[in-house]
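Work through the exercises below with the sequence and the model side by side. Try each task before reading its solution.

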Amino acid sequence: MLDKVYVFDFDGVVCDSTNECMITSWNTWQKWNHKDLKRKSVAEFSSEEISEFRKLRPRVRGAGEYFILNIILDKRIEIKNQEDYEILLESYKENIPKFKKLFLEEREVFRKEYPTDWILLHTVYEEVIEVLRSINSEGKLYIATLKDFLSIRMILDYYSVGIPDERIFDESRIRSKFDALQQILKISTSLKRDFLFFDDNVTHLYESYADGFNVYLTAWSNPIPEYLEEAFKKNIPIIRDFKQLYSIINKGT
């Protein structure tokens, strides 16, 4: 029997990175607009700013799309569904690569100056960390994310998840989550049916699900209700709590 392969998204699955992303996104937007303004803590944001950012954050797929989030907030655009978001994304698509570069530069500055403070802005899900440690000790763990490598490395090292570098498929190595699964499949001795992929954004799961990978929408990070509805319509399994995660992992092992 071939080994199972467990592939985890990072933001929203392993940890809640909203606070760090909010600070970095805000600082990047100021720089984009040629303003010399910086924030370093959540305390510098109003409750309204935090609430509005949290509503939109689950739709963001990669650093460049924080440009769209800031456009929505700045222009007070109402986003009713994923289609509204995609239309806006298409309108501003030429800015996404430029904003991504600037965003990652701002993150690097923050991370380098205040490494521990930066890490602690990420609230890890301890139950998931325990699962990752266990799977990693068996050599079955991969990370597939549009986050940058060093961020993942620093956070996982801080919480003693010593996954090898080559098993982290970050934004520099992949075009999409489906691309990550295809790359992992090529280097694995396991079959497609032995893969289990966990992500909190349902739009990341469509291609992989259609291609025959086992995918799961995780719901412990309070995903957008629309994502849950879409998963239900498409028969994509939803994991609502850590007990369900444990059950799936135990069945696989």
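**Exercise 1. Find how many residues the largest nonpolar core has, and which have the most contacts inside it.**

Step 1. A nonpolar core is a set of buried Ala, Val, Leu, Ile, Met, Phe, Trp, Tyr and Cys residues joined through side-chain atoms within 4.5 Å. Buried means under 20% relative accessible area, exposed over 50%, and partly exposed in between (1.4 Å probe, protein chains only).

Step 2. The model is predicted: local features need pLDDT of at least 70, side-chain atom pairs count only at pLDDT 80 or more, and totals for chains, interfaces and linings use all residues. Residues are numbered from 1 along each chain as its sequence is written, and side-chain values use heavy atoms, with hydrogens and water left out.

Step 3. The largest nonpolar core has 59 residues, and those with the most contacts inside it are Phe 8, Val 128, Ile 143, Leu 156, Phe 198 and Leu 245. Helix α3 (residues 66-75) gives the most to this core, with 6 residues. Helices (H or I, at least four residues) and strands (E, at least two) are DSSP runs, numbered from the N terminus.

Step 4. A second, separate core has 24 residues, including Ala 180, Leu 205, Phe 213 and Tyr 227.

**Exercise 2. Decide whether Val 7 is buried or exposed, and list what it touches.**

Step 1. Val 7 lies in strand β1 (residues 5-8).

Step 2. Its relative accessible area is 0%, so Val 7 is buried.

Step 3. Contact means heavy atoms within 4.5 Å. Not counting residues up to four places away in sequence, Val 7 touches Tyr 142, Ala 144, Leu 181, Ile 184, Phe 195, Leu 196, Phe 197 and Phe 198.

Step 4. Leaving aside neighbours within four places in sequence, Phe 198 in turn is in contact with residues including Val 7, Phe 8, Tyr 216 and Leu 245.

**Exercise 3. Describe how α1 and α2 pack, and which residues meet.**

Step 1. Two packed helices are described by the angle between their axes and the distance between the axes. Axes are lines fitted to C-alpha atoms, for helices over the stretch in contact, and angles run from 0 to 180 degrees between N-to-C directions.

Step 2. For α1 and helix α2 (residues 47-56), the angle is about 105° and the axes are 11 Å apart.

Step 3. Angles of 65 to 115 degrees count as roughly perpendicular, under 35 as roughly parallel, over 145 as roughly antiparallel, and the rest as oblique. The two helices, α1 and α2, are therefore roughly perpendicular to each other.

Step 4. From α1, Thr 18, Asn 19, Cys 21, Met 22, Ser 25 and Trp 26 meet Glu 49, Ile 50, Phe 53 and Arg 54 of α2.
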